[in-house]
Amino acid sequence: MGINNQHEINGNPSIEELCSELDLSTKEKELICSWAFMSEKIMHGTPSGIDNSVATYGGVVTFCSGSMTPQSDLVGLDILLTNTCVGRNTRQLVAAVRERYNMFPMVVEQILEAV
């Protein structure tokens, strides 16, 4: 699930909050979202698009088979996000899964289906 953190850990507002305060048009939000997606591509290789979309438009979404679905029934749910200070490289993690999938497609496919 992609989750919009209403205030980052340092107390700064989210992009979604700034967009609503600035009364940005749909076209302007789409531009911001596409820029954020490009930065995600630089950092992660092949991002899903969840982070930039949720950060720009807000809300909670599920992602399945390349499709994002807003979860409006979770509106008002309070969520606490914390920084675990555990570094990770998403690009490397995804590449490792892809490598295992290429080596053992039947096994990895079953694991991914179970998730």
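Predicted model: local features only at pLDDT ≥ 70, side-chain atom pairs only at ≥ 80, totals over all residues.
Let me start with helix α3, which spans residues 50–57 and in which I50, N52, S53, V54 and T56 are buried, where buried means under 20% relative accessible area, exposed over 50%, and partly exposed in between, with a 1.4 Å probe and protein chains only. Helices here are DSSP runs of H or I with at least four residues, strands are runs of E with at least two, and both are numbered from the N terminus.

Residues are numbered from 1 along each chain as its sequence is written, and side-chain values use heavy atoms, with hydrogens and water left out.

Which residue has a positive phi although it is not a glycine? That is C85, with a value of about 60°; C85 sits in the loop between β3 (67–70) and α4 (90–103), and at 70% relative accessibility C85 counts as exposed.

Finally, turning to the surface, M103, F104, V107, I111 and V115 form a nonpolar patch with about 550 Å² of accessible area together, and one of these residues, I111, lies in helix α5, residues 105–114. Patches are made of residues with over 30% relative accessible area and no salt bridge, with like charges joined within 9 Å and nonpolar side chains (Val, Leu, Ile, Met, Phe, Trp, Tyr) within 5 Å; a salt bridge is a side-chain nitrogen of Lys or Arg within 4 Å of a carboxyl oxygen of Asp or Glu.

Definitions and conventions
Areas by Shrake-Rupley, 256 points an atom, 1.4 Å probe, with all protein chains shown as cover.
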